[in-house]
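Trainee: I would like to go through this model with you, one question at a time. Can we start with the terms?

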Amino acid sequence: MPTLVSHPEEVKLVSSRFGKGATDIDRYIELDGYQAARMAVEKGADWIIAEMKASSLRGRGGAGFPTGMKWSFVPKQSERPKYVLVNGDESEPGTCKDHLIFLHDPHTVIEGTIIAGLAIGAKTGFIYLRGEYRYLLTIMEKAIADAYAKGFLGKGIFGSQLDFDIISHTGAGAYEVGEESALMESLEGKRGIPRIKPPFPAVVGLYGGPTVINNAETIATVPHVLRMGGEAYAKIGSERNGGTRLFGVSGHVERPGVYELPMGYNLKKLIYEVAGGIRGGRQLKAVVPGGSSTPVLLPSEIDLGLDFDQVGKAGSMLGSGGVVVLDETVCMVEFALRTIKFYQHESCGWCIPCREGTDWLKKTLTRFHAGGGEARDIDNIRYLAENMLGKTFCPLGDAAAMPTIGFVKKFRQEFEDHLNGKPCPYAKKQALEPVLA
Amino acid sequence: MTATTATLFSPELAARLDKLVTLYPVRRSALVPMLLYAQDELGYLTDAAISEIAQRIGITELDVRNVLSYYSMLRTAPVGKYHVQVCTNISCMLRGGQELFEHCKNKLGVGHKQTTPDGVFSLEEVECIGACCWAPAVQVNYDFHDNLTPEAMDAVLDQYRKQAGK
Ligand SMILES: Cc1cc2nc3c(=O)[nH]c(=O)nc-3n(C[C@H](O)[C@H](O)[C@H](O)COP(=O)(O)O)c2cc1C
Ligand code: SF4
Ligand code: FES
């Protein structure tokens, strides 16, 4: 069982029911569950979208797109059925927050999906979980069945004239299907190759119908927004970044875990106070602020508010909220290699810059780290990565290139320390440490 | 395929698959879950299973194979009774995931994507499994084990070995 952590600075909304038995539908109702969906049924689409816009909630899947605005793009009239698709593919290294939502509070995901459906006029929602999350799919399936039994799903939900169905769905191992158009392909029973945009999913999505795709955390936040009101929710966060976020802190901190904090919370405080500081009193070397695809930050760059705009201004991205903390024992070349190895493995192979670029980067970094590096490799690594940027069908190419460029730019010295056939000057310090101090 | 046609799956799974194809706006949407559930029962996707699933959905076997080859969890050859999947991705790497993978290699005497001669264990180095904050993490079949040390890993493996004996 994943360990739950807690800290007095936390503002618990999405995580408020963690560890409280809310997988049980009656317990969930006791904990104010399904109130927001009832309100949404009564007050209708325009009210929901107005509250969502006022909340300045931005998507928690990575790109941070304003959720209310995304929903308002769906055409009111449509010949084809509209759909809600919940993205629970959660595969960005460093990210495990949706895991906890499905485990502890599956009904919030259902409730959020119903509300999203009401907002856009959809009658069907899909909840897509990565294949590795089988035990969470079982929890989700039971929650859905219980919601049907109570009349919250199916025909005439909450005693209204409205119908809404939810189908849970499993993937079978693929990071790339987390990309929204690949996700739709996968749900249609195909390989997870992205679609070319436009058209955007809000207009032509799943089965050709207008589709809203949201991350599981985004959807789980929606009922909280409606219950407290969009404006009140917005006030918790920073400017244009409403509310709270589940930050997963992993790596070399004393107390790794998922913490829910207001948007704009200081990254340095998150690491040193909330997560207990660097393990064993060691020195901080680097922070990957939002999952493996976000460019690395130096210790001098972390006095920074964690919201989409501030992290963006600092040259990185808030991404999926997975904060990975590296102490002085890490070899940055090896870390860069492990990162690119992932993207090489996950590239769907459709476009050449991504398929070949990740492969060459992996080969070069492997040789480089093993002691076969030449001085010109360093610029070549950066050049290879820079030539992938913006030249691919989907953002996976960028996701691989951006961190790589960051590692070379900010830790060039460590690359140079590997030259001339020297064995990795950093590796030994790291090996055979007690795993959890 | 109707419920009365011969199936190579258990009655429970066959019933589940019958229902699965009716859930979605198009039958084909059931393909990936069907493949995974079939694999769970059979251990891997046999030629016969692929053929039956192709018929159930109404697409060609080639089409099925084309899809299944995309997904890393789907396989067309058997693995051990307990498939040990060690994450070595970044968060786990920082907490000893790579050392843990080496440890499993030595302990089980097999490498990446190999199976022990008695068929009890197979080993795979995997990408992030969504347990980064509880690293290093391992999945054995679908069960998560986290906050592992080499010693804790030994205990986990011993537990499965005992279960295998039963
Ligand atoms: C390669 C790639 C992988 C992605 N993986 C995920 C994922 O696992 N979960 C997720 O919610 N979004 C993922 N995204 C982002 C989605 O494409 C999409 O933007 C998101 O689900 C929208 O939801 P949001 O607006 O609520 O953030 C990924 C994007 C890319 C390019
Ligand atoms: S960028 Fe990579 S993952 Fe995305 S479509 Fe191109 S090859 Fe596939
Ligand atoms: S990096 Fe190992 S579980 Fe995420």
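Mentor: Contact means heavy atoms within 4.5 Å. The model is predicted: local features need pLDDT of at least 70, side-chain atom pairs count only at pLDDT 80 or more, and totals for chains, interfaces and linings use all residues. Residues are numbered from 1 along each chain as its sequence is written, chains are lettered from A and ligands numbered from 1 in the order in which they are written, and side-chain values use heavy atoms, with hydrogens and water left out.

Trainee: How many residues does the contact take from chain A and from chain B?

Mentor: Count each side by the contact rule. Chain B gives 49 residues. Chain A gives 67.

Trainee: What area is buried between chain A and chain B?

Mentor: The size of an interface is often given as the accessible area lost when the parts come together. Here buried area is that loss with a 1.4 Å probe, summed over both parts. Carbon and sulfur atoms give 59% of it between chain A and chain B. The total is about 4,800 Å².

Trainee: Which residue of chain B forms a salt bridge with A:K341?

Mentor: A salt bridge needs a side-chain nitrogen of Lys or Arg within 4 Å of a carboxyl oxygen of Asp or Glu. The count between chain A and chain B is 4. For A:K341, the closest N and O atoms are 3.2 Å apart. The partner is B:E125.

Trainee: How many residue pairs are in polar contact between chain A and chain B?

Mentor: A polar contact is a pair of N or O atoms within 3.5 Å. Within protein, one must be able to donate a hydrogen and the other to accept it, and residues adjacent in sequence count only if both atoms are side-chain atoms. With both residues at pLDDT 80 or more, the count is 25.

Trainee: Which residue has a side-chain N or O atom 2.7 Å from an oxygen atom of ligand 1?

Mentor: Other residues also reach oxygen atoms of ligand 1. A:N87 has a polar side-chain atom at 3.0 Å. A:E180 uses a backbone N or O atom, at 2.9 Å. The side chain at 2.7 Å belongs to A:T218.

Trainee: How many salt bridges does the rule find across the interface of domain 1 of chain A and domain 3 of chain A?

Mentor: Domain bounds come from an automatic or database domain assignment: domain 1 of chain A is 25-236 and domain 3 is 332-432. Their interface buries about 840 Å², with 76% from carbon and sulfur atoms. The rule finds 1 residue pair in polar contact there, both at pLDDT 80 or more. For salt bridges, the count is 0.

Note on methods: Buried area is the accessible area (1.4 Å probe) that two parts lose on being put together, summed over both.
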